[in-house]
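User: I'd like to learn how to read a model like this one, feature by feature. Could you take me through it?

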Amino acid sequence: MRAPLSWLRDYAPLDAPPARLAEVLSELGLVVESTEHVGEGLDDVVVARVLDIRAHPAADRIRLVDVDAGDGEALQIVCGAWNFAVGDLVPLAPVGAVLPGGFAIGRRKMRGEVSNGMLCSAPELGLPGPGDGLLVLPPGSAAPGVPFAEAMGLEPDVVFDLDVGPNRPDALCMAGVARDLAAALGEAWSWPAGPPAPPVDPSIGTAPLSVDAPDLCPRFTATVLDGAPTGPSPVWMARRLTLAGMRPIGAVVDVSNYVMLDVGQPNHAYDLDALGGGGLSVRRARPGERLVTLDGVERALGPDDCLICDAGGTPVGVGGVMGGAGAEIDPSTTRVLLEAAWFAPAAIARTGQRLGLHSEARVRFERGVDPELAPRAVERFAGLLASLPGGEALRRGATVDARSPHLPGRPRVALRTSRVNDLLGTALSEDDLPRLLRPLGFRLEDPVGGTFDVEVPSWRLECSREVDLIEEVARMWGYRRIERTVPAGSRRRTGGLTAFQRERRRIRQVLSGAGFYEAWTSTFLAPGDLGQAGLDPLAVEVENPLDRSESVLRTSLLPGLLKALRFNLDRQNEDLALFEVGRVFAPPADEGSLPVESERLGVVVLPFGAADASTAVAAAVRCWVWVADALRLDGASIDAAELPGLHPSRAARLLGPSGTILGEVGEVASEAARAYGIDGRVGWLGLSLDAVFGEARRPRLAADVSRYPASALDLAFVAGDDLPAARLAGAIAGAAGDLLEDLVLFDVYRDERLGAGRRSLAYHVTLRAADRTLDEPELAELRRAMIAAASAEGGELRGEPAG
Amino acid sequence: MTPQASSPPGLDEVLAAVESALRDGRRRLAEAAATPGSFAAAQREVLGKRSALASVNALLGGLDPDGRRQAGAALGAARKELEEEANRLEAVVAEAERRQRVAAERLDLTEMAIGPKTPPLSHSGRGVGRLHLVTQTRDELEDTFVAMGFAVAEGPEAETDWYNFEALNMPPAHPARGMWDTLYLRLGEPGTVLLRTHTSPVQIHLLEAGELPIYAVMPGRCYRRDTPDARHLPVFHQIEGLVVDRGITFGDLAGVIEAFTTSFFGPAIHSRLRPSYFPFTEPSAEFEVTCPICRGEGCRTCSGSGWIELGGCGMVDPNVFSAVGIDPERYSGFAFGFGIDRLAQVRAELSDMRALIDNDIRFLRQF
């Protein structure tokens, strides 16, 4: 909502500095998004007449223009605009002028030709209007040499661009904005006198009107105006409309828009002679009924839509939303039927939403226009129209006012002083409330037992509850004056993170500490993304995606992380190791319910430098080991398996001690990696946080650290490729029991002599007792037991490795 | 099989040659399929330009029209059969080769789990990684509120219309729904399941659970159907706060916002509230903080105003309490919310928010 200060001043003095007014507006909740100063800095600009236009001898895109700047002499200007002709009046900034924004005009040579100033476009003068050509003044509007501002009636003005919330339909007009401002500043607010409307002329008669949908349209007024002026509106009105963001078109349309912006009543002027039967009827649309609206679009309507028809039954507009293309005013219209009505907000919202139709009328009606405003708007309309040049002969018929019981009355609301203070934390007295609320139009009788019976003004119908009035009290008192306190609270609980949240942070810390970077990838995937990654393509779809590439909810973090890898590879970033913790969405098992959300960890990692490609998957496996270790999760296993999206012989399920699936680890299938533009090997770890956190964990109990020396021994076994190294390790550990301190696989060795499909696994075992130094016989016995256990799993002792 | 110039072969001979080419071809393909690496050559041999089939084809010219038709049909059938066989075997061979490759690449991943303790990443010399800027900001916010006595609650990102709108005092066709461009999911009745447009649905879950009082913040990912630009992402993160207890006032709201502001940004940064509108709070406010970049002097980040608009807040609307069965006369409360990404952007002086989702490690490394 653009509010020129000069217009607001029709209602109240408002003579505080504009910066202060802007501050007050913002503190009232009519937030000022920008303050424009217009018409300032134009002192040096004059009107000039174009005498001649010539080609520039050395340039194609600029021309030489001779203008008369008032002295009758031809003054040469070099100009790049093409939208004017000889004889036109244009603004000239002569040499020495400084334009709004501080641009100083000097005498310049352009491609060898002298330019004695600059001919200006609207934006160059700080005015609204197109920037691709000069501002051309109306013919005959001024003599050359007259100051431009004077010729245009340009008083310096200030325009506040306000962000008006959906709860403040009353502030979508000058009267409403001014009312708030005046109330906050303690100034008197009143309706301006305005030009008087011609008295009702009984000879004009009234137009036939019938309203058959009073629930959709509880009030409809129709007024015949005869003898409307047909020319353009005067400069002052065109300027106000322009500053408020509307384009001046012609007298009747401009007055219509002016009245809406001024008092807040959307209205519609019909060409009376184009209306069948010379009147209007209001009814529900029939199913499938069609109408071409003013914007040229054919709309399909239904019984929830309010249709305005002429008295012959032909539709002429969608009530409260947009007029039809049929009975539109044209510049020659002199007989006008003026509609000022009130439509049910919910119905307007429904119709507007369904038709996707945005209009100034819809915005106001769906939020709530003052239901008592129509007569005032009609007076204002008739008065303004009569005051325009050519409007002297305007005659006005009586207003037909079809008003139904559906029209809302003024709510009465009980307002308790105690409740105000309880909710706001203020200490306002019974005297304060009327003082704060009355300037806004609320009527408060003397309180009974601290409770006021408040009558809400017709322009604030949304204030229908006590709490709404409390907000008004707070607004007028000033949010900034409310003392800041700390909740006293009844039984405060202490805050904190949940176990899940703490452990999720732990995982992130472990991975970032290990050199991994946390990524944030989109929840959305393109339709083919899952399939390309070798995963089940079944996923929840977005009904109205912004883009098809964002139309599917991810069921896995893998595709997003592969895209992130690719993004980095394309930028020659190396040593890539990324992780993400985020939600994935499985389609619901039964129709109609919500997707099944779960939080997962995903890790992607590339081989480092020129190292063996298997370092990628090794790093992923290590990630798992670190995570499990940090979470004190013992007894989990890595169980080789063929899994979607992963290399068939380089993938494993991660199982909890009880066999629960916790996630998977492996190398991304080469076809999947290639589909994402990655040539090399990619290690992958995927974990379900719920599953991992749900496993029993080693308690945080201290075991005494032994003070006795450790004993180490190395054991090497030959085992088939199908015997996992961890299983052998488990057997060894089992045999060592409590005495085992550490167990590392330090060498894996293959050789023809070992036989195909077999390898040597060398383990370094550290043993230590809590209460003694282990002696040789004991160690020898342990060694035998470990060998026997390994042998039972299929590991053949290979003899002591050297050392 | 070279035709003799003197006596061109008759129909019977040609048919026999077709028969033999077919038999030999089948055998050749079967042999090759069993010998790794030889299938492509065998395929050329059996079906190519120098194959037996091609030679027989050359004989057709010597036959009378009727014989030519007959022999041609036999030849065509034989070629078709061999081609089909070749295709079938080719797939078998490819699968066998794939299996072999897979077998050759087999790794025992458990070896890596119990291998030497030296992390395989250490030799890259890259040092520690990073948490995402947004995570760092979120953790910091959580910690700030936890220290103020708040719990941290989370909720689903896919919601029903009830939780995202209706329970928050926005019945269908409520004009305020237009404040959020919503992404709907193709589930259930059209327009009923959506991606939450704000974290506020978590408020409803908490209120429904009914354990009062509530002192909680709710961080999480939200979605709006907005074209991404330097200051907006369609997928973004919010943190929301909710306090419900007896005797909670608007003054408490302003006090908590101020306490948060000074403890998160530092003692020189303050907050202010201005009237605003949200369907789920009344009175509503937007809150601004002293621009943390210029400390209120006015700079590019704050458009010279010295203040940064951070988020919205207000007293919980009685209709929200009613929707979840809490008596607004007995309990009152406030809620506030703001964008985590936006906050991260302001603090890091990040010119374009889209850098947050590129995941370029050169970007991530800075924080």
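This is a predicted model: local features need pLDDT of at least 70, side-chain atom pairs count only at pLDDT 80 or more; totals for chains, interfaces and linings use all residues.

User: What does the secondary structure of chain A come to?

Analyst: Helices (H or I, at least four residues) and strands (E, at least two) are DSSP runs, numbered from the N terminus. Chain A has 20 helices and 38 strands. Its radius of gyration is 41 Å, well over the 28 Å that the globule rule gives for 803 residues, so chain A is more spread out than a compact globule. That radius is taken over C-alpha atoms, and the rule is 2.2 Å times the number of residues to the power 0.38. Along the principal axes, the C-alpha atoms of chain A fill a box of roughly 125 × 85 × 55 Å.

User: How much of chain A is buried?

Analyst: A residue is buried if 20 or more other C-beta atoms lie within 10 Å of its own, exposed if 12 or fewer, and partly exposed in between, with C-beta atoms placed from the backbone. By that count, buried residues make up 43% of the 803 residues in chain A.

User: Now a helix. Which residues of α2 in chain A are buried?

Analyst: The general idea first: an α-helix has 3.6 residues a turn, so residues three or four places apart point the same way. In α2 (residues 18-27) of chain A, the buried residues are A:Leu21, A:Ala22, A:Leu25 and A:Ser26. Seen down the axis of α2(A), they fall within an arc of 135°, so they line one face of the helix. The arc is that of the directions from the helix axis to the C-beta atoms.

User: What covers those buried residues of α2(A)?

Analyst: Contact here means that the C-beta atoms of two residues, placed from the backbone, lie within 7 Å. The cover of α2(A) includes β2, β10 (157-163) and α4 (174-185) of chain A, together with β6 (271-278) of chain B. After α2(A) comes A:Gly29, with a positive phi near 95°.

User: Is α9 of chain A mostly covered or mostly uncovered?

Analyst: Mostly covered: 10 of the 14 residues of α9(A) are buried, among them A:Arg380, A:Phe381 and A:Leu384. Those buried residues pack against β12 (219-226), α6 (251-263), β13 (267-271), β20 (335-342) and β21 (395-396) of chain A.

User: Where does A:Gly39 sit, and why does A:Gly39 count as buried?

Analyst: A:Gly39 lies in the loop between β2 (31-38) and β3 (46-56) of chain A. It counts as buried because it has 21 C-beta neighbours inside 10 Å. Leaving aside neighbours within four places in sequence, A:Gly39 is in contact with A:Ala149, A:Leu154, A:Glu155, A:Pro156 and A:Asp157. A:Gly39 and A:Val158 are 119 residues apart in sequence and 8.7 Å apart in space, C-alpha to C-alpha.

User: How do I read a sheet?

Analyst: Strands of a sheet pair through backbone hydrogen bonds, either parallel or antiparallel. Here, two strands pair if DSSP finds at least two bridges between them. One open sheet of chain A has four strands in the order β36-β37-β35-β38, with antiparallel pairing. Its edge strands are β36 (740-749) and β38 (796-797), each pairing on one side only. Two bridges join β35 (residues 711-720) to β38(A), and A:Phe717 stands opposite A:Leu797 in β38(A).

User: Which strand holds A:Arg759?

Analyst: A:Arg759 is in β37 (residues 758-767) of chain A, and this arginine is buried, with 20 other C-beta atoms within 10 Å.

User: What about the order of the seven strands in the other open sheet?

Analyst: That order is β26-β29-β30-β34-β33-β32-β31 in chain A, with mixed pairing. β26 (517-518) and β31 (637-640) are the edge strands. Five bridges join the antiparallel strands β33 (residues 661-668) and β34 (residues 683-688) of chain A, where A:Gly663 stands opposite A:Leu687 in β34(A).

User: Lastly, how many residues of chain B are in contact with chain A?

Analyst: 94 residues of chain B are in contact with 111 residues of chain A. On the chain B side, helix α9 (residues 250-265) of chain B gives the most, with eight residues.

Definitions and conventions
Residues are numbered from 1 along each chain as its sequence is written. Chains are lettered from A and ligands numbered from 1 in the order in which they are written.
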